[in-house]
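Dear colleague,

Please find the structure below, together with its sequence. My notes on what was found in it follow directly after.

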Amino acid sequence: MFSLAFGVATKNSHGDWLEVYYPRPLINPDQAFVSMISSVLGYSQGNRVIEVNDEMTVKLSEIAEMEYLAVLRESVKPIVATLLEKDSSPKTVPEAYLKLHLLSHRLVHPNEVNLEGLFGVLPNVAWTDIGAIDPEELDLVQLNARINGRIVEVSSVDKFPKMTNYVVPSGVRIAHSARVRLGAYLGEGTTVMHEGFVNFNAGAMGPNMVEGRISQGVTIGSGTDIGGSASTAGTLSGGGNTLITIGQECLISANAGTGIPLGDRCTIEAGLYITPGTLVQVMDERKKNIAVVKARDLAGHSDMLFLRNSQTGVVECRSNKKAIELNKMLHTNK
Amino acid sequence: MFSLAFGVATKNSHGDWLEVYYPRPLINPDQAFVSMISSVLGYSQGNRVIEVNDEMTVKLSEIAEMEYLAVLRESVKPIVATLLEKDSSPKTVPEAYLKLHLLSHRLVHPNEVNLEGLFGVLPNVAWTDIGAIDPEELDLVQLNARINGRIVEVSSVDKFPKMTNYVVPSGVRIAHSARVRLGAYLGEGTTVMHEGFVNFNAGAMGPNMVEGRISQGVTIGSGTDIGGSASTAGTLSGGGNTLITIGQECLISANAGTGIPLGDRCTIEAGLYITPGTLVQVMDERKKNIAVVKARDLAGHSDMLFLRNSQTGVVECRSNKKAIELNKMLHTNK
Amino acid sequence: MFSLAFGVATKNSHGDWLEVYYPRPLINPDQAFVSMISSVLGYSQGNRVIEVNDEMTVKLSEIAEMEYLAVLRESVKPIVATLLEKDSSPKTVPEAYLKLHLLSHRLVHPNEVNLEGLFGVLPNVAWTDIGAIDPEELDLVQLNARINGRIVEVSSVDKFPKMTNYVVPSGVRIAHSARVRLGAYLGEGTTVMHEGFVNFNAGAMGPNMVEGRISQGVTIGSGTDIGGSASTAGTLSGGGNTLITIGQECLISANAGTGIPLGDRCTIEAGLYITPGTLVQVMDERKKNIAVVKARDLAGHSDMLFLRNSQTGVVECRSNKKAIELNKMLHTNK
């Protein structure tokens with residue numbers, strides 16, 4: 001079995017799922033445990049979402065390995081068991097939420113789990129201080145709160161909730177949680193500052209300092225810093241089809257950006273945006289000009305320093321490699 | 001009559017208005033309906049703000065067209081009726097809030113309603129999870145909450161509240177609602193991402209992807225995307241006096257910005273900021289240089305691609321028009 | 001005595017301090033008052049943190065000068081008295097929080113108070129709508145809230161809370177409070193817009209319009225505006241060791257940035273980032289080229305306009321000074 005979890009769910013007034021909170025999602029659970037659970041739930045095979053009734057929660061709470069199930073027994077909200085035999089594309093809200101949980105619980109890395117059709121499956125939700133509300137049902141809830149002297153605080157109207165209301169992984173700081181979606185992967189030792197942003201299925205391997213935007217699909221390696229307002233072009237937001245990976249010990253400086261993947265120990269100077277089509281003057285370790293290439297031809301290489309010469313306006317890629325190595329590298333790439 | 005609405009209001013301890021929530025504002029309401037309402041409220045003419053007493057709410061709740069008035073009857077908070085015979089400059093808090101509601105309810109477009117003197121009329125408010133509080137009265141409220149083991153969450157201290165606590169228009173996503181002020185206009189199909197921002201009296205006609213900042217007075221046409229951290233210079237924030245309108249199917253890329261209005265199908269490359277005074281090299285459809293002009297002379301034209309040549313540092317405006325057309329266009333403009 | 005304050009504190013389940021809220025911190029308190037307090041608390045000398053018991057609060061509440069102490073008497077939360085004889089490096093959470101309060105209450109300016117070792121002293125905290133929670137204890141709190149149909153809203157997981165939940169200084173607007181940390185200094189008349197950010201031990205002397213980021217240690221003088229997404233390189237975030245101060249009446253335009261200190265009346269054009277190593281063409285009042293220098297050699301000077309020539313790509317510093325004055329200034333600096 002690929003994954004298994006019990007969650008506390010919210011439905012709208014029509015009985016449609018809005019969201020599911022899984023406190024302890026499991027990846028590749030122990031087969032003996034699965035068998036035990038299966039007999040209680042009446043599960044046999046396939047990807048299934050099972051609403052857990054009172055009788056089931058009583059039986060489940062007796063299973064020693066999952067003490068928190070005893071707590072679920074007392075839930076006033078619907079309890080759901082989601083069993084994914086295979087990692088196929090999510091078909092229901094509980095399945096989709098389980099996959100987002102797997103990412104944020106660091107049980108899978110970004111781009112490792114099948115999220116095909118995710119946007120179609122996820123409903124748009126008004127995220128409020130009294131929980132998830134169907135946007136079409138919000139109006140009356142707000143009116144009733146207001147006449148009673150309260151207010152419904154609507155933090156977000158989105159298909160994705162903020163991660164920290166579901167899981168806070170160990171060893172991280174997230175200065176402003178509204179900027180990290182459920183489904184983000186934050187490795188140990190990562191700090192996301194107020195201007196940082198991490199989308200779902202994206203993340204920082206840790207440790208990292210994130211003060212800029214990590215778009216959907218993008219990952220950054222350990223020791224890499226993303227400066228304030230720095231941008232990593234995502235495939236969802238006009239960045240083309242190339243998935244952007246940034247290696248270790250890189251620095252994308254403040255207000256800079258990259259539209260190409262980078263290897264290790266690369267730097268982009270503050271304020272410079274490298275798009276795949278940017279013509280770049282490549283220079284060797286003696287600052288001798290080697291070639292002018294499109295930035296996409298440099299994709300994935302290491303030890304590159306990108307800057308715009310402030311005396312000529314030329315975008316340069318300075319390397320600590322020798323001319324002969326650079327020439328070889330550029331030809332290999334093409 | 002220009003507009004009419006019933007609202008739930010908050011006052012400070014001195015009885016001054018802090019804010020008004022209007023669940024169903026009306027534009028150009030039916031005259032028969034206005035007459036019916038007027039007799040209950042004792043309204044005759046002009047722009048009036050009337051505090052609705054219990055007797056009035058009982059009578060109003062019997063008027064079939066407005067079933068939500070029955071709900072208002074049970075309010076523990078002050079109920080206000082705001083009747084605007086004409087769209088003159090707002091003189092009171094309830095009037096100002098009604099106009100902001102009209103914008104966010106899509107009953108008027110940005111720059112269509114008289115907001116003269118708005119800043120002077122609106123009080124500064126501490127927006128908290130227990131409602132609107134006068135900043136001068138916050139101190140004691142916070143202290144009392146703290147000693148009782150609670151906390152007053154102060155989300156904002158500002159003249160404008162977040163839109164979503166008042167209205168969530170249909171068909172939108174707002175990933176982080178603190179970035180959209182009441183008075184923003186978000187057309188159907190618009191997504192405002194975490195880094196997006198929409199000021200009051202500004203907006204997206206829809207559908208749009210907004211990941212950058214739409215300043216006061218600025219509007220963007222359908223199909224136009226504003227990339228992450230992209231900037232549209234507003235008249236309130238040092239952008240000069242020209243109101244910026246961006247047409248349809250434009251792309252202001254990530255970390256870019258514009259200080260000039262744009263027509264349709266324009267693109268500004270990532271990281272490039274066009275100010276009105278930027279000298280721009282205009283090129284025809286064969287990339288032949290036509291003229292060097294200030295960006296303000298290109299204001300409002302369509303089919304322009306702005307980029308900074310990464311080999312020369314020259315800011316270029318590439319067009320798909322022929323030289324002869326471009327020459328004509330430039331001369332017409334001057 | 002350097003400083004003295006009574007606060008309402010939060011501890012985790014192990015009895016470790018998480019945070020302290022000081023409603024009325026004092027700087028250089030009156031010696032007679034200190035003596036009166038000392039006898040109640042049993043304080044003699046040094047920097048001390050004293051947990052105030054019921055007997056003490058009763059006695060303290062009788063001291064006329066501090067009427068709010070009567071309120072503290074009824075606290076269900078721990079009350080703490082923090083007395084700092086000297087401004088030495090903070091050793092405990094209550095000491096650290098007192099210093100952050102002094103800054104935000106405008107009792108000291110940024111860089112005036114000893115914050116050595118602050119990060120080591122401050123614990124990481126989950127800031128929620130039900131107060132400060134130890135991140136390691138959050139899990140169960142969230143689960144229990146969920147099964148009871150509530151949700152714990154986790155706004156931030158950080159060593160610093162948002163300022164506005166502790167103090168809202170007079171005469172400011174903070175459009176989005178998550179972007180101003182406790183320990184920020186906001187002078188009278190300052191507006192921090194949604195994209196603005198102010199770190200601890202940093203600030204705006206007021207009046208200022210802050211739409212960009214004021215990093216740790218950075219201060220801006222009166223009348224200076226920081227445009228949307230503009231960056232001031234901090235010493236904590238890769239900006240080097242030079243503390244950045246920006247004088248009066250400056251404009252760091254939208255999407256621009258500075259890695260050098262600036263005097264008065266300086267402007268950086270939109271989208272241009274000046275790093276210490278940027279080679280800059282200095283021009284006199286007649287736009288005649290005087291010299292090419294590194295930006296760090298211009299640090300702290302006044303009346304400079306920085307822009308990137310859009311016809312040549314050269315970063316220029318235009319001055320209204322004469323050639324002879326500029327030459328002198330550049331030589332003095334070296």
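C:Gln248 sits in the loop between β19 (245-246) and β20 (251-252) of chain C; helices (H or I, at least four residues) and strands (E, at least two) are DSSP runs, numbered from the N terminus. This is a predicted model, in which local features need pLDDT of at least 70, side-chain atom pairs count only at pLDDT 80 or more, and totals for chains, interfaces and linings use all residues. Residues are numbered from 1 along each chain as its sequence is written, while chains are lettered from A and ligands numbered from 1 in the order in which they are written.

Surroundings of C:Gln248

C:Gln248 counts as partly exposed because it has 16 C-beta neighbours inside 10 Å. By the rule used, a residue is buried if 20 or more other C-beta atoms lie within 10 Å of its own, exposed if 12 or fewer, and partly exposed in between, with C-beta atoms placed from the backbone. Leaving out residues up to four places away in sequence, C:Gln248 touches C:Gly221, C:Ser222, C:Gly223, C:Thr224 and C:Asp264; a contact requires the C-beta atoms of two residues, placed from the backbone, to lie within 7 Å. C:Met205 is 43 residues from C:Gln248 in sequence, and their C-alpha atoms are 9.3 Å apart in space.

The sheet that includes β19

In chain C, an open sheet of 4 strands runs in the order β10-β13-β16-β19 with parallel pairing. Its edge strands, each pairing on one side only, are β10 (184-186) and β19 of chain C. Two strands pair if DSSP finds at least two bridges between them. Strand β16 (residues 219-220) of chain C is joined to β19(C) by 2 bridges, and the two run parallel. The bridge partner of C:Thr219 in β19(C) is C:Thr245.

The nonpolar core

The largest nonpolar core holds 300 residues, of which A:Val198, B:Val198 and C:Val198 touch the most other members. Such a core is a set of buried Ala, Val, Leu, Ile, Met, Phe, Trp, Tyr and Cys residues joined through C-beta atoms within 7 Å. Beyond its neighbours within four places in sequence, C:Val198 contacts several residues, including C:Val180, C:Leu186, C:Val210 and C:Ile214.

Chain A and the arrangement of the copies

Chain A has 7 helices and 27 strands. Of its 334 residues, 56% are buried, and its C-alpha trace spans about 75 × 55 × 30 Å along its principal axes.

Chain A superposes on chain B by a rotation of 120 degrees with 0.0 Å of shift along its axis (RMSD 0.0 Å). The two copies are therefore related as by a three-fold rotation axis. A:Gly313 has the C-alpha nearest the axis in chain A, 2.3 Å from it. The superposition is by least squares on the C-alpha atoms of residues with pLDDT of at least 70 in both copies.

Where chains C and A meet, 41 residues of chain C are in contact with 38 residues of chain A. On the chain C side, α6 (135-147), β8 (154-158) and β24 (279-283) each supply at least two residues, and α6(C) gives the largest share, 6 residues. Only 12% of the interface residues of chain A are also interface residues in chain B, so the copies meet through different surfaces.

Yours sincerely
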